[in-house]
Amino acid sequence: MPKRINKVILGVGGGIAAYKSCDLLRRLQERNYEVTVVPTPSALNFVGTATWEALSGKKVTTQVWESVDEVRHVKLAADNDLILISPATADLIARLAMGRADDLLTNVVLASNATKILIPAMHPNMWNNPATVANIALLQERGFQVMRPAIGRLTGIDIGIGRLPETSEILSYLASVISDTQNLLGKRVLVTAGGTREAIDPVRFIGNRSSGKQGYAVAQAALDRGAEVTILSANVSLPDPVGATIVRVESTKDLEIALGTYFHTTDLLVMAAAVADARPSQVGAEKLKKDSYREITLMENPDLVGRISEQKGKQVIVGFAAETSLNIAEANRKLLAKGLDLIYLNDVSTGEIFGSDSTQGVFIKSDGDEIPVTKSNKATLANQLLDLVLDKLN
Ligand code: C5P
């Protein structure tokens, strides 16, 4: 049953992205949430009490030592259905992981049984630091929902993972959490991600441009919904989603073997990987010299999903098709030929899909329903995909 969320605490940590939470607050109010802002004391260095009070229309304090007669932390915890913390800084995450209660926000979090969502934002080195990685894993174990930071330009000259995602992305993440927080609990999800590589010789290979972002986004969304997730990861250089089992594969053959191992115990298979359609018929034992490196004879690879779907029992299978034009008839043909329950046809004609954070295309279900997807980020698409197979999974 979807949980009705009306009253929200917007926790604000002391990072520069705090100013973006003014917009987040407004957008939450537009969606009819009653929002109480609880900044940390250091958040006030970036955005002051007056701003939060004016925007929220409510009194804003950071300490348990103010309005003590109200026992404010316990009251706020009991009165609110959800705690959304944006930005969640490394320090705030560390304090939450330790269960500290040294300001109003951490007191409220400790006293609350509500759904808790963290939107981390920090420098990539801080995000990737083993201390933060461990703190995040611990908080996720305890049921916190953690949105992955965006990759991009940071406050200084650095570029990397750690940007606060756009407000619209935070809202769609929030919607996915709220829609039914843990609707994949007890389900096993197998995701193939990235692109296979076919060896020409020990040095060279034939590969493709798939980054693995879409597959990893599906894996993350499934983890957020409580699924047990295994990723068959083909040559992906993204950080591993915390909590997923990662099996690294290189070639189509490796992927075929791994699929054979994991398919039978899975409930959902999402074939997001770009699998090479062919491989060199002969692989040089040593690096080929210029003279013998003029042509490569190819042989066809098996259609992995087409083959494995012949052994299908309870499994729901989702495929992807990258086409340089939105060819619905071709996607329908693949849906049937490969024994899929759902296919996402993405239009790669603009060259913007591979490696990009956004996607556009159309979902086609085995009953013929078509669901167009206008430009969305890959996390949103991942949640849409999971929503579309939920009925079949249950
Ligand atoms: O035929 P096409 O490559 O467009 O099909 C895409 C879908 O089929 C993807 O889900 C991909 O993972 C899967 N595939 C496969 N084995 C292949 C080629 C593609 O399982 N040899």
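Modeller: Start with the pocket. On a 1 Å grid over the protein atoms alone, a pocket is an open set of points with protein on both sides within 12 Å along at least five of seven lines. Lining residues have an atom within 4 Å of a point. A volume is the space filled by probe spheres set on the points, which are joined across faces, edges and corners. This is a predicted model, and totals for linings use all residues, while local features need pLDDT of at least 70 and side-chain atom pairs count only at pLDDT 80 or more. Residues are numbered from 1 along each chain, and side-chain values use heavy atoms, without hydrogens and water.

Biologist: What volume does the largest pocket have?

Modeller: About 1,000 Å³. Its lining has 44 residues, and Ala273, Ala274, Val275, Phe320 and Ala322 lie nearest the centre.

Biologist: Which element gives the most to that lining?

Modeller: Strands are DSSP runs of E, at least two residues, and helices are runs of H or I, at least four, numbered from the N terminus. Here β16 gives the most to the lining of the largest pocket, 4 residues.

Biologist: What about the second largest pocket?

Modeller: Its volume is about 640 Å³. It is lined by 29 residues. The largest share, 6 residues, comes from α9.

Biologist: Is phenylalanine 46 buried, partly exposed or exposed?

Modeller: Buried means under 20% relative accessible area, exposed over 50%, partly exposed in between (1.4 Å probe, protein chains only). Phenylalanine 46 counts as partly exposed because its relative accessibility is 39%. It sits in the loop between β2 (34-39) and α2 (49-56).

Note on methods
1 Å grid on protein atoms, 1.4 Å probe; cavity = no way out; pocket = protein on both sides within 12 Å on 5 of 7 lines; lining within 4 Å.
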